[in-house]
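Have the model open as you read.

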Amino acid sequence: IRNSYRGDVQLHLPDDSFYDMKQHDSLIIYDSTIESIMLIAASPVLLEPQYFMRPGWNLVSNPYKVSNPSLTTLYPSAHSSAFSFTSSAGYQSHDSLITCNGYWVKLSTGIFSAPYSGTERSTDTIEVSEGWNIIGSLSGPVPVSAVTTSPPNIISGSLFGNLRGYFPADTLNPFFGYWVNVSRPGVIFLNSTAQGLNVPMQKIR
């Protein structure tokens with residue numbers, strides 16, 4: 001409760017008294033006639049959905065240039081190795097996270113804000129092999145509509161993220177990884193400044 005609200009968190013009792021739940025961890029109520037109580041909390045700390053990662057397996061990436069890209073430095077709650085995937089190589093285990101790649105990582109605790117920062121990456125190219133690949137993201141959101149490829153139109157279907165299950169992504173957000181299926185080997189171009197621009201290369205179908 002202390003970390004979830006910036007303002008007061010008060011328990012409103014039936015006798016119109018208040019109990020400060022930020023100062024006390026518990027309250028024992030002896031009156032057996034009380035059937036309900038009201039908790040009044042002010043100024044909640046709202047989570048940013050683009051940064052929320054649950055305990056357990058998550059698709060993650062390294063969106064920044066950092067001096068130490070080791071998994072335990074970037075994600076201290078990691079409880080596994082980082083696993084990349086391409087159809088040509090299958091799953092590969094890593095102890096460092098290079099930019100452009102996405103990884104499966106098991107976290108022992110959830111993450112509720114941007115876990116770290118570094119030198120920003122606003123553009124990058126990602127080499128992909130035919131079939132399914134897990135790719136990473138940039139330091140800023142990338143609209144899927146602005147993602148381009150060479151050769152053109154090699155992406156089959158949607159890009160998929162994973163938050164409590166798979167979903168078709170409309171934006172590639174920092175720190176997350178995404179599944180992409182391509183019809184032939186090629187290169188994917190990401191540009192986080194491309195929102196609203198006319199991208200000269202062929203866009204995803």
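Start in the middle: the largest nonpolar core has 34 residues, and Tyr75, Ile135, Leu172 and Ile188 touch the most other members. A nonpolar core here is a set of buried Ala, Val, Leu, Ile, Met, Phe, Trp, Tyr and Cys residues joined through side-chain atoms within 4.5 Å. Buried means under 20% relative accessible area, exposed over 50%, and partly exposed in between, with a 1.4 Å probe and protein chains only. The elements giving two or more residues to this core are α1 (71–74), β8 (102–107), β10, β17 (178–182) and β18 (186–191). A second, separate core of 5 residues includes Leu59, Phe85, Ile134 and Trp179.

Before going further, the ground rules. This is a predicted model, in which local features need pLDDT of at least 70 and side-chain atom pairs count only at pLDDT 80 or more, while totals for chains, interfaces and linings use all residues. Residues are numbered from 1 along each chain as its sequence is written, and side-chain values use heavy atoms, with hydrogens and water left out.

Now the overall layout. The protein chain has 1 helix and 18 strands, where helices (H or I, at least four residues) and strands (E, at least two) are DSSP runs numbered from the N terminus. Of its 205 residues, 39% count as buried. Among contacts (heavy atoms within 4.5 Å) with a separation of 6 or more, 74% are between residues 24 or more positions apart.

What is isoleucine 135 in contact with, leaving aside its neighbours within four places in sequence? The list runs through Cys100, Asn101, Gly102, Ile126, Val128, Leu159, Leu172, Phe176, Gly177, Tyr178, Val180 and Ile188. With neighbours within four places set aside, glycine 136 is in contact with Ser61, Cys100, Asn101, Gly102, Ile126, Phe176 and Leu190.

Then there's the largest pocket, with a volume of about 150 Å³. Its lining has 15 residues, and the closest to the pocket centre are Ser84, Phe85, Thr86, Asn101 and Asn133. Strands β6 (82–86), β7 (90–94), β10 (123–128) and β11 (131–135) are the elements that give two or more residues to the lining. For the record, a pocket is an open set of points on a 1 Å grid over the protein atoms alone, where a 1.4 Å probe fits, with protein on both sides within 12 Å along at least five of seven lines; lining residues have an atom within 4 Å of a point. The volume is the space filled by probe spheres set on the points.

| Residue | Loop | Relative accessible area |
|---|---|---|
| Cysteine 100 | between β7 and β8 | 12% |
| Arginine 121 | between β9 (119–120) and β10 | 4% |
| Serine 129 | between β10 and β11 | 16% |
| Phenylalanine 175 | between β16 (171–172) and β17 | 0% |

Beyond four places in sequence, the contacts of arginine 121 include Pro63, Tyr64, Cys100 and Ser192.

Serine 129 has a side-chain polar contact of 3.3 Å with serine 88. Leaving out neighbours within four places, serine 129 is in contact with Thr86, Ser87, Ser88, Val182 and Pro185.

Which residues does a cis peptide bond join? They are serine 150 and proline 151, with omega about -5°, and proline 151 is found in the loop between β13 (148–150) and β14 (160–162). Phi is positive in cysteine 100, near 85°, and in phenylalanine 175, near 80°.

Note on methods. Polar contact = N/O pair within 3.5 Å; in protein donor to acceptor, adjacent residues only side chain to side chain.
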